[in-house]
Each structure stands twice: as structure tokens, then as C-alpha cells.
Amino acid sequence: MLNVLPKLCSFKDFGVIYRLMVQFRFCLEKETAEGRVGSLETPHGKALTPLFMPVGSHGSVKALSPRELEELCVEVVLANAYHLYLRPGVEVIRDLGGLHAFMGWKGPILTDSGGYQIFSLCKLVRLMPEGVEFRSHLDGSLHLFTPERAIEVQEALGADIIMSLDVCLPYPSEKGRVQEAVELTTRWARRGKGARKGKAALFGIVQGGVFLDLRRKSAEALMEIGFDGYALGGLSVGEEKRQTWEVVEFTCGLLPQDQPRYLMGMGTPEDLVEGVRRGVDMFDCVLPTRCARTGELFTPWGKMNIKNARYARDPDPIDPGCDCYTCRHFSRAYLRHLFMARELLAYYLNTIHNLHYYLKLMREIRRALQEDRFEEFRREFYRLREEGATEVAP
Ligand SMILES: [Zn+2]
């Protein structure tokens, strides 16, 4: 015992002990008709909600290192079990100390189970009661993902928040098929929960397409099984926006008040504002990082296309009101030049600005909710965008 004590007191061990002690916890600080404010506590740190999570499917938020993510105050990174399972392989990551150590990111990680990727990226997907068989989109090799395997993979990666394996259907799908998908998703969710061995928070995914009665059935069945949080899947897949928000509002109204709600894969700036207003706590989307790589930059007036010739001699920053590293140091003219010359720095600087815009937007949303002026904030948000539509960014 005497030999053990001094060892436990080292700084590194303190981190290990802290992670063993801290369980996942969601704390709802405030809820009004305009939205919710809260926080998530995970073994790798805390995150404030409403929360935007940048996507790092392959264990990297494209073009940035964890150092920039920390400087941008990113709180949670999303990684994808499907991609990492195929390459480099989950055993490789596990043997190298888990995904946090592998990618050098100290903060919380949420992993998606792979359901969505299997159904959207793979050819020859065979849905069976025991799981889903698919051919890798990389090399055509055959794999079977069961709900148990999906949990095992995510636990081996060491994620803080993991997702149940779900069935994702294309839109439109007949109601009968959607009902079958909901039933299978429910059975898989139950089996996945039974297979959980570690302490990662496990979220169930509500499916049901645009059918409100099926969304209710899915949400109620998942709540009966009991999860640490609930996600809304299968949205923004081609249905009308009006239907999307109807489903989000309806489903959020069914879910437990004291647990987090995560709207998967939806994240235009408008989506964040409208999702929060309907009771969503967590978002992820590839948009800020993907648009950065196509030269589309987010501003309060809408998206700016840096490729446009009008910026060739423009000395202003992307957004004079933005205090990100890119806007503090570089002109639109220089950013356009970098992009046209395909310089790698373009992707880095554009990504910094776009992620900064998203994270700042979430901070402003949180503050507006805390100060009971979200509707006012929302009106101003749309007013600036309407202005941008006629005038172009200043
Ligand atoms: Zn900026």
C-alpha cells in the first residue's frame, strides 16, 4: 500500500483516476419555450449545451490538429465507428491506447455506430434480423455488423458517448418498411444495451421517417429500454424542411426532459437556430469543415464564395466582425489567391474561420437563452441573412 500511494499521486495517474470516477451526466440548467441550456459531463471533460460537435470521421477534423481544436474551444469531437473499423482497424487503435491517445485529442469523443454510413456508403447491404451485412466501400470486403459488435467496436475505441446501431432507410420509403425498420432498430437497441460492458454513455436513436405515430412508437420503445440520451436519426434525407421540423418538435416533446437530445447530421446555421428552438441539445454536421474545403465561408450575412473574382483585390477580412485567427491576419484577396492556387493553407485557414463561426454562433445562442432573449436573437439572425441576400457581405 505504501508503495502504491506515491504512484497514485502523480499528475498522469490523477487524470486516469478522474476518468474512472466521472460518469456521464447531463445537467439541464434552464428550459423555456425558446430552448434549453445545460451541460454534459464526461470522463474527458465537460461540454455546454446547446452544443455543436465538429466531425472527424476518420479520427481527424479535416485540415486541423487537436491544438487548433483546443484553441477554437471545441468541446466534443465526433468520430465514426464504421470508418475507423475499416481503416486502420479497431484493434490497431485499441492496442495504441484508444482513440483519444491515437488522435491526440484530450476532450470528449462521440462515435456514431456506423448505421448511417453502412446504409448510405456501402453496396450490397443485406439487412438481417441478427445485423447488417455489407461490403466495404474501400475494398469490397464483406463484413457483418451486429448491434453487439457496434457497441464492442465503439467501446474498444474508448469513446465517451456511443450510439446504438440503427436501420436507416432512404426517403421516401413506404410506411410498412419504415415500421419494420423501427421495430428492428428497437430490437437492436435492446441488444446493444445488453452488450455494453464499459461506462460510455449510450444513446438510442429514434427512427420512424416522417410518420409521427412511428416516431412516437420508436421513442417510447427506446425510453422503456432506457438510455443515457436520445438521438433523432433519419432526418434531412430529402423530406421537406417543414416535415423535418414537425418531426423534431414532436419527438422532442416525447423525450425525457432530464436527458440530452441529439439531432444527427443536421447543421446549417439555420438548422442550429431552429433545432434549439424545438428543444435539441446537440448537433453535428460536416458543413463547416466541408464548405471550408470548397471555398464557402460562413458569415452572419450568409455564405461567401471566396472563389468569386470580386474578392481578387479585396483587402478586408472574411468578416470584419470575426475575431478568428484567419480574419485577424488575412484578407479576402489572399484567401482567394490561396484557394485558386490550391495551396494547403487555404483549407486550414478556411476551416478555422468556419468552425469559429459555428462555435461562436452556439455561444451566442446559449447566452441569448440564458438572458431570455432568444426570439430577439433569432429575428436579428434572419434580418442579417436577408440583408446579405440582397447586398452581399460588406
Ligand atoms: Zn473569421
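Student: Is Asp-281 buried or exposed?

Tutor: Asp-281 has a relative accessible area of 0%, so Asp-281 is buried. Please keep in mind that this is a predicted model.

Student: Which residue does Asp-281 form a salt bridge with?

Tutor: The partner is Arg-36, and the closest N and O atoms of the pair are 3.0 Å apart. Asp-281 belongs to the loop between helix 12 (269-277) and strand 14 (282-285), whereas Arg-36 is in strand 2 (residues 35-42). The pair thus links distant parts of the chain, 245 residues apart.

Student: And Arg-36, buried or exposed?

Tutor: Arg-36 is buried, because its relative accessible area is 1%, and buried means under 20%.

Student: What else is in contact with Gly-279, leaving aside its neighbours within four places in sequence?

Tutor: With those neighbours left aside, Gly-279 is in contact with Arg-36, Cys-252 and Arg-261. Gly-279 is placed in the loop between helix 12 and strand 14. Gly-279 is buried too, with a relative accessible area of 8%.

Student: How many salt bridges are there in the model?

Tutor: The count comes to 27 salt bridges.

Student: Which residues are linked in a network of salt bridges?

Tutor: One network links Glu-249, Glu-274, Arg-277, Arg-278, Glu-375 and Arg-378. Within it, Arg-277 forms a salt bridge with Glu-375, where the closest N and O atoms are 3.2 Å apart. Arg-277 lies in helix 12 and Glu-375 in helix 17 (residues 374-391), so this pair ties together parts that are 98 residues apart in sequence.

Student: Which side chain meets Arg-383 in a salt bridge?

Tutor: That is Glu-380, at 3.0 Å from N to O. Both residues lie in helix 17, three residues apart, which is about one turn of the helix. Arg-383 is partly exposed at a relative accessible area of 40%, and Glu-380 is partly exposed at 36%.

Student: Changing topic, what is the angle between helix 8 and helix 9?

Tutor: Helix 8 (residues 147-157) and helix 9 (residues 175-195) pack at about 45°, with their axes 8 Å apart. The two helices are therefore oblique to each other, and their crossing is right-handed.

Student: Which residues make that contact?

Tutor: Helix 8 contributes Pro-147, Glu-148, Ile-151 and Glu-155, and helix 9 contributes Trp-188, Arg-191, Gly-192 and Ala-195. These residues divide into four nonpolar, one polar and three charged.

Student: How do the axes of helix 9 and helix 10 cross?

Tutor: They cross at roughly 10°, and the axes of helix 9 and helix 10 (residues 212-225) come within 10 Å. Helix 9 is therefore roughly parallel to helix 10. Among the residues in contact are Val-178, Val-182 and Ala-189 of helix 9, with Leu-214, Ala-221 and Leu-222 of helix 10. The residues of this contact divide into seven nonpolar, three polar and six charged.

Student: How far apart in space are Leu-222 and Gly-279?

Tutor: They are 18 Å apart, C-alpha to C-alpha, and 57 residues apart in sequence.

Conventions. Residues are numbered from 1 along each chain as its sequence is written. This is a predicted model: local features need pLDDT of at least 70, side-chain atom pairs count only at pLDDT 80 or more; totals for chains, interfaces and linings use all residues. Side-chain values use heavy atoms; hydrogens and water are left out. Axes are lines fitted to C-alpha atoms, for helices over the stretch in contact, and angles run from 0 to 180 degrees between N-to-C directions. Helices (H or I, at least four residues) and strands (E, at least two) are DSSP runs, numbered from the N terminus. Angles under 35 degrees count as roughly parallel, over 145 as roughly antiparallel, 65 to 115 as roughly perpendicular and the rest as oblique. A crossing is left-handed if the near helix is turned anticlockwise from the far one by less than a right angle, and right-handed if clockwise. Contact means heavy atoms within 4.5 Å. Ala, Val, Leu, Ile, Met, Phe, Trp, Tyr, Cys and Pro count as nonpolar, Asp, Glu, Lys and Arg as charged, and the others, Gly among them, as polar. A salt bridge is a side-chain nitrogen of Lys or Arg within 4 Å of a carboxyl oxygen of Asp or Glu. Buried means under 20% relative accessible area, exposed over 50%, partly exposed in between (1.4 Å probe, protein chains only).
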